[in-house]
Amino acid sequence: LLDDAAAIPSRPGLDLIVTKDAMVEGGHFLPGEAPDLIARKLLRVNLSDLAAKGAEPYGYFLATAWTPEFGWDERQAFAEGLRIDGEAYGLTLLGGDTVSTPGPLTLSLTMLGWTPSGAMIRRGGAQAGDLICVSGVIGDGWLGLKAAQGELADPDGYLAGRYRLPSPRLELREALRAHASAAADVSDGLIADAGHIGEASGLAVRLELDRLPLSAAARTWLDTQNDRAGALRDLASGGD
């Protein structure tokens, strides 16, 4: 980070894939959240976008708008979170910018990755009759927010952990490139993101919510709800 720009060498036979996600305190993470977890979540929500495109992560640009409350110790902890997941996922911090704000804490990250030329999986490639599949359980992030806010019992911290630290499905990228006609990560909720694929592909989407894959914690919560159909819609609508 000793220059004003990054030069990215071209790689013959590959496409450079670019995605961008931002997070704002109070909207995407709770006030007072651990700085290292904020940093790791910021990386992971962008990595999830790359995973859905079948891309191999490469590096990222980061912009931070620090608040007066987010002092030197908090910034060092934030940087440590970047280091932990940067090493885990083979990422290079290529540059960015740092500014100050009266609040709320605002973070923006642009992630780069590679796919073989022409192999990125788009939202708009779905065909009539395609089967909609998900790579994991649905609704834990939405329930985890409630748990982190103290609105839901979470004795082992599983749900809050799912909200604070999502897991990008990078191990699926080769299978997705081989078999998926369209893909998107579930960040706005299954119903919304399946709808995004349908809209981009010019198709209607049918979801059988009774067949949602759920974690044990989500099933326990579901069993306490009087309106099962409504609760399933909530799980499928909540962003992860």
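This is a predicted model: local features need pLDDT of at least 70, side-chain atom pairs count only at pLDDT 80 or more; totals for chains, interfaces and linings use all residues.
## Threonine 106 and its surroundings

Leaving aside residues up to four places away in sequence, threonine 106 touches Met23, Val24, Ala63, Thr64 and Ala65. At 30% relative accessibility, threonine 106 counts as partly exposed, because the partly exposed class sits between under 20% for buried and over 50% for exposed.

Alanine 63 and threonine 106 are 43 residues apart along the chain, yet 8.4 Å separates their C-alpha atoms. The side chain of threonine 106 also reaches the backbone oxygen of proline 104, at 3.0 Å.

## The four-stranded sheet

Now let us step back to the sheet. Four strands form an open sheet in the order S1-S4-S2-S3, and their pairing is mixed. S1 and strand S3 (92-100) stand at the edges with a single partner strand each, so one side of each has no neighbour in the sheet. On average, neighbouring strands here are turned by 15° against each other, direction ignored.

In general, the strands of a sheet pair through backbone hydrogen bonds, either parallel or antiparallel. Here S1 and strand S4 (residues 106-116) run antiparallel and are joined by 11 bridges. Within this pair of strands, leucine 14 stands opposite proline 116 in S4.

## Helices on the sheet

Two helices come next. H1 packs on the sheet, where it touches S1, strand S2 (56-66) and S4. The direction of H1 makes about 140° with that of S1.

Helix H2 (residues 72-89) packs on the sheet as well, touching S2 and S4. Its direction makes about 170° with that of S2.

Our last stop is glutamate 33, found in the loop between strand S1 (14-24) and helix H1 (35-52). Is glutamate 33 buried or exposed? With 13% relative accessibility, glutamate 33 counts as buried, because the cut-off for buried is under 20%.

Which residues does glutamate 33 touch, not counting those up to four places away in sequence? They are Ile38 and Arg164. With arginine 164 there is a polar contact from side chain to side chain, at 2.8 Å.

Note on methods:
Residues are numbered from 1 along each chain as its sequence is written. Side-chain values use heavy atoms; hydrogens and water are left out. Buried means under 20% relative accessible area, exposed over 50%, partly exposed in between (1.4 Å probe, protein chains only). A polar contact is a pair of N or O atoms within 3.5 Å; within protein, one must be able to donate a hydrogen and the other to accept it, and residues adjacent in sequence count only if both atoms are side-chain atoms. Contact means heavy atoms within 4.5 Å. Two strands pair if DSSP finds at least two bridges between them. Axes are lines fitted to C-alpha atoms, for helices over the stretch in contact, and angles run from 0 to 180 degrees between N-to-C directions.
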